[in-house]
Amino acid sequence: MAFDGIVVANLVHEFRHTLLDGRIAKIAQPESDELLLTIKTREGQRRLLISANASLPLIYLTDTNKPSPITAPNFCMLLRKHIGGGRIVNIQQPRLERIIRFTVEHLDEMGDLCRKDLIVEIMGKHSNIIFCTDKGMILDSIKHVPAQMSSVREVLPGREYFIPDTMHKADPLTIDFESFSSLLTEKPMPVSRAVYTSFTGVSPVTAEEICSLAGIDSSMPAKEYSGDILLHLYTQFEIYFSAVKEARFSPAIYYDGREPKEFSSLPLHHLAGYTCEEYTSVSEVLRSYYSKRSQLTRIRQKSADLRHIVQTALERNRKKYDLQLRQLKDTEDREKYRVYGELINTYGYNVAEGSKSLEALNYYTNENIKIPLDPAKTPQENAQRYFARYNKQKRTFEALSKLSRETEDDITYLESIRTALDIALTEDDLAGIKEELTDTGYIRRRFTRKRTRIKNTPLHYISSDGYHIYVGKNNLQNDALTFDFASGNDWWFHVKQAPGSHVIVKSNGEELPDSTFEEAGRLAAYYSGMRGGDKVEVDYVEKKHVKKPKGARPGFVVYYTNYSLVIDSDISKIREVTD
């Protein structure tokens with residue numbers, strides 16, 4: 001994610017159109033590092049959320065109100081005293097810094113018109129909200145930064161406000177070619193890194209996009225490129241930032257499947273493999289992006305206990321499986337002992353007493369072999385000893401063969417659960433997986449008077465040809481989808497020899513076009529342990545040929561006649577239906 005100077009420029013452009021000349025009707029401080037301003041504009045009332053949270057600094061327009069503490073903090077009271085009812089007369093971004101300066105005009109205690117600045121710094125852990133006079137003196141800030149915390153700048157009442165220039169970055173909106181070339185070539189690092197470390201407000205994603213537009217390898221140092229190539233890079237750099245100068249923003253979120261990966265205020269063509277969802281408002285982008293990221297983060301946190309249970313069981317079963325395979329390997333010579341016993345019984349009549357070996361013709365292979373003997377035992381006793389060893393290893397082989405198959409099935413099943421946890425998007429999805437783990441004995445059931453009803457809804461897509469495609473999100477859904485929902489002539493898809501979702505295409509009794517087969521195959525590849533692969537083998541067959549063995553675990557099926565296709569796992573162009 002790139003909350004860079006370009007996104008801030010987009011926000012400033014949006015705020016100028018929506019908040020300029022608006023009056024601050026209400027100031028609240030819902031959190032210790034967060035402000036919520038209610039502003040009355042000509043178009044109606046707007047809310048501006050400003051957060052200086054060290055892990056997630058934000059500023060955007062929102063429709064959501066937040067509860068505030070009964071007693072307002074001192075910083076909030078100071079703002080109410082000075083700029084409550086004030087009019088926003090200017091909104092600026094110095095250079096391309098991640099800083100927004102709101103200039104507010106208000107009446108002081110004497111009734112004279114004066115101005116104050118509310119400065120929002122979106123700078124990661126150094127983010128802050130600073131209240132200053134029009135002369136640049138700090139009146140207060142939402143976070144105090146004394147000299148003990150920072151040797152670069154104190155942020156305390158009575159200090160002068162200034163923007164620290166610790167990185168000595170250049171302004172990308174005014175740079176000329178000579179300075180541009182000099183800045184990049186003097187840095188012994190990849191050219192993309194040189195770009196974002198040399199210019200204000202440029203993120204790594206933006207630097208990668210500029211290199212991509214110029215058609216150069218971003219991992220090579222700039223000094224290895226000729227002057228002509230650097231001039232071409234500078235030209236693309238200028239073209240890219242001309243959109244910022246002219247406020248030609250196109251805010252969007254880029255998705256990898258259902259997961260939001262990046263957001264930007266200008267196009268990111270090098271992310272062509274992602275799905276791009278465009279918006280008219282950058283505030284809407286930020287609201288949507290962080291809401292979805294927060295949901296994914298929350299689901300991953302909630303799934304941590306389930307993942308621990310599954311991973312622990314997987315490790316235990318893999319160790320057990322390795323041990324069983326080693327023990328099975330020890331039984332590979334069992335037939336040799338049976339043959340030894342038979343040959344001793346056949347040729348043992350002429351073995352001298354106290355012999356340590358017997359040389360005999362192996363009538364199975366027509367070769368002479370030498371059989372070790374215990375000189376203290378008779379030939380019959382030696383034969384019985386080899387038969388006993390053979391029978392013991394045979395019993396061990398039969399028992400271990402069954403146990404190892406069961407352990408292998410357990411590993412396959414647990415891997416399918418782990419894949420389902422990766423797919424899970426809601427708390428209902430996690431509840432379904434927990435219920436499945438409880439039914440299969442990996443979690444102890446706790447008896448309650450009332451069991452929570454779990455929403456068991458598969459993912460729903462529509463192919464480019466209009467056919468409905470359904471994807472199970474866990475093993476219980478897979479079974480319900482395949483054996484309760486699908487009809488006999490519907491098509492069933494699953495990644496080959498890997499855990500993954502059952503995918504059903506409703507055929508409506510019609511012959512499916514090739515493009516629908518390909519899209520269903522991509523969904524089966526994406527919702528599997530092979531996600532991200534360029535060449536994933538997927539089996540597909542009519543549902544009537546898919547069977548569930550008696551006593552099989554959830555999600556486990558068999559089929560004997562099937563087709564296969566090799567496909568990538570890119571589902572960016574497949575339309576999802578959201579309820």
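A disulfide is a covalent bond between the sulfur atoms of two cysteines. For the bond to count here, a pair of cysteine sulfur atoms has to sit within 2.5 Å. This is a predicted model, and the structure holds 0 disulfides. Take C114 as a case: the closest cysteine sulfur belongs to C132 and is 14 Å from the sulfur of C114, so the two are too far apart for a bond. As for another cysteine, C276 comes out as partly exposed, at 38% relative accessibility.

Next up is a pair of helices. Two packed helices are described by the angle between their axes and the distance between the axes. For helix 9 (residues 334-347) and helix 10 (residues 379-423), that angle is about 155 degrees, and the axes are 8 Å apart. Angles over 145 degrees count as roughly antiparallel, so helix 9 and helix 10 are roughly antiparallel to each other. The crossing of helix 9 past helix 10 is left-handed. On the helix 9 side, the contact involves R334, E335, Y337, R338, Y340, G341, E342, I344 and N345. Their partners in helix 10 are P379, N382, A383, Y386, F387, R389, Y390, Q393, K394 and F397.

Helix 4 (residues 191-198) brings up the matter of burial. This helix is mostly covered, with 6 of its 8 residues buried. The buried ones are V191, S192, A194, V195, T197 and S198. And what does the covering? Helix 3 (177-185), helix 5 (204-214) and helix 6 (227-245) are included in what covers the buried residues of helix 4.

Finally, two loop residues. A376 sits in the loop between strand 14 (367-372) and helix 10. With a relative accessible area of 70%, A376 is exposed. Along the sequence, A376 and G354 are 22 residues apart, while in space their C-alpha atoms are 6.3 Å apart.

L512 is found in the loop between strand 18 (503-505) and helix 13 (514-526). Its relative accessible area is 6%, so L512 counts as buried. Leaving aside residues up to four places away in sequence, L512 touches Y467, W491, V505, S507 and F517. E154 is another story: E154 and L512 are 358 residues apart along the chain, and 68 Å separates their C-alpha atoms.

Terms used: Residues are numbered from 1 along each chain as its sequence is written. This is a predicted model: local features need pLDDT of at least 70, side-chain atom pairs count only at pLDDT 80 or more; totals for chains, interfaces and linings use all residues. Side-chain values use heavy atoms; hydrogens and water are left out. Axes are lines fitted to C-alpha atoms, for helices over the stretch in contact, and angles run from 0 to 180 degrees between N-to-C directions. Helices (H or I, at least four residues) and strands (E, at least two) are DSSP runs, numbered from the N terminus. Angles under 35 degrees count as roughly parallel, over 145 as roughly antiparallel, 65 to 115 as roughly perpendicular and the rest as oblique. A crossing is left-handed if the near helix is turned anticlockwise from the far one by less than a right angle, and right-handed if clockwise. Contact means heavy atoms within 4.5 Å. Buried means under 20% relative accessible area, exposed over 50%, partly exposed in between (1.4 Å probe, protein chains only).
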